[in-house]
Amino acid sequence: MVVYATYPLNEPRVTREAEALVAAGFDVDVICLRGDGEPLHAWHRGVEIHRVPVPIDKRSLGWQMLSYVRFLSRATVRLGRLHTRHPYRTVQVHNLPDFLVFCAVVPKLDGVPVLLDLHDLMPEFFAGKFGEGRLLPWAIRLQERASCRFADHVITVSDAWRAALAERGVDPRKCSVVMNVADDRIFGPRPRPAPHEGFRLIYHGQVTRRYGLDVAVRAVASLRDEVPGIHLTIRGRGDQVDELRALIRELDASDLVELCQESVPAEELPGIISAADLAVVPYRDDVFTDGI
């Protein structure tokens, strides 16, 4: 598997798929980004991890694309070398970006089937993040089409996104849906937490503007007098963290909102979530979140 993310904490979908394959008796390698202080090579629950030291840069679209291309080039070399040493039976590449699938060119030339796992639809993702112009949507749809043609099979996360791909020329017979669902080995009914003062809210996930967390912060600040003891914990990382910190200071809401960027294993999340009274998902309405 190849993914432009750190592994195992930052991509639960990749982690679950890799570990499911290991449980089924397959050998699994993951080529991924290297996080701060992480070794280049490691093992985790039977998965062999090969990390690539490419910094993530999201200052602008151009810098983000450059980071994608740098990872693509290094992943291509790493995957080619690994395949030469012990040939793979299948290569699965996860987006974003879609064109990362071309890192599998060496195994594909050797007859190995290549899967493209579309966590997000890249045209909608970038339209929601950078706006809908003319050149950008055309270029991103072009690379989506080329990437899907290169892959032997495409996986996506919902019937709505499968239908969108079909409308853009992907053969529906070549596309399957594997939904993102909670791992029932970890997440399930739990007893209510012990009584506590106040009203606790929690959000966990990516911290980015399209998920409307600034709206949630403003809402909590506006309710401080109406709901005594209201408190929001935002748990996650992303490109809106600095903006939210500034907003919290502006609203004098440091006693109402906590930003927590510590990564925790999935096994610890149920206890963290169940300690709150209410989970919030304040998504903005845009071209990307419409399809979620």
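Guide: Let us begin with Arg 51, which is buried because its relative accessible area is 5%, where buried means under 20% relative accessible area, exposed over 50%, and partly exposed in between, with a 1.4 Å probe and protein chains only. This is a predicted model, in which local features need pLDDT of at least 70 and side-chain atom pairs count only at pLDDT 80 or more, while totals for chains, interfaces and linings use all residues. Residues are numbered from 1 along each chain as its sequence is written, and side-chain values use heavy atoms, with hydrogens and water left out.

Arg 51 belongs to strand β4, residues 47-52, a strand being a DSSP run of E with at least two residues, numbered from the N terminus. Its side chain reaches the backbone oxygen of Pro 39 at 3.0 Å, and a polar atom of that side chain lies 3.1 Å from the backbone oxygen of Tyr 7.

Leaving aside residues up to four places away in sequence, Arg 51 also touches several others, among them Pro 8, Cys 32, Glu 38 and Arg 78, where contact means heavy atoms within 4.5 Å. A disulfide is a covalent bond between the sulfur atoms of two cysteines, counted here when the two sulfur atoms are within 2.5 Å, and the structure holds zero disulfides.

Conventions
Helices (H or I, at least four residues) and strands (E, at least two) are DSSP runs, numbered from the N terminus. A polar contact is a pair of N or O atoms within 3.5 Å; within protein, one must be able to donate a hydrogen and the other to accept it, and residues adjacent in sequence count only if both atoms are side-chain atoms.
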